[in-house]
Amino acid sequence: MCGIAGYVGHEEICLERVEKCLSTMRRRGPDHAAVREWTTHDGERVYLLHSRLSIIDLDERSNQPFNVGTKWIVFNGELYNYVEVRNELAAQGHCFNTTSDTEVLLRAIDHAGWTILDRFEGMWAFAVYDESDHSLTLCRDRFGEKPLYLFRDETGLYFGSEVKFIVALRGKALE
């Protein structure tokens with residue numbers, strides 16, 4: 001199990017809160033932790049945080065946030081049929097840098113759009129930020145096996161695979 005968290009809004013989140021969130025996430029993913037942040041042309045801030053439990057493709061090249069083209073992902077879950085989808089994409093000329101299901105998921109979305117999710121079998125929660133249009137897409141599997149909590153306040157939208165990640169990133173308790 002991995003941990004994901006993030007924020008989109010107009011607040012700049014201080015490093016102390018980011019580090020507290022990553023520290024809180026460590027038990028879900030002790031193998032690697034990282035954050036990636038953006039500021040859009042209109043001043044909106046986007047943060048993607050990830051803590052990794054390495055199961056598929058143990059190499060650091062599969063660490064997250066993970067990038068393909070203009071898209072970045074933080075992913076918690078497992079795609080049971082990622083090898084089949086990977087083979088289909090490879091047959092269409094796509095090259096892969098890892099053997100991870102994360103890369104297959106993001107390349108498939110980048111290639112075919114969001115309807116490709118209908119092809120995947122598994123359990124997941126993820127966030128994809130697209131630098132080209134500044135969109136953030138949040139998604140979880142059909143049955144909600146992997147949790148994805150949301151909290152909106154006057155500054156923006158927080159999300160996480162556990163409520164305590166949102167609290168840590170927000171820097172104050174929820175009412």
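A residue counts as buried when its relative accessible area is under 20%, as exposed when that is over 50%, and as partly exposed in between (1.4 Å probe, protein chains only). Keep that handy for the tour.

Before you click, note that this is a predicted model, where local features need pLDDT of at least 70, side-chain atom pairs count only at pLDDT 80 or more, and totals for chains, interfaces and linings use all residues. Residues are numbered from 1 along each chain as its sequence is written, and side-chain values use heavy atoms, with hydrogens and water left out.

**Stop one: the whole chain.** Show it as a cartoon and look for 4 helices and 9 strands. Helices (H or I, at least four residues) and strands (E, at least two) are DSSP runs, numbered from the N terminus. Walking from the N terminus, you'll pass β-α-β-β-β-β-α-α-β-β-β-β-α. Of the 175 residues here, 50% are buried.

**Stop two: helix H3.** Select residues 101–112. Which residues of H3 are buried? They are Asp101, Thr102, Glu103, Val104, Leu105, Leu106, Arg107, Ala108 and Ile109. That's 9 of its 12 residues, so H3 is mostly covered.

**Last stop: the end of H3.**

Definitions and conventions: Expected span 1.5 Å × (residues − 1).
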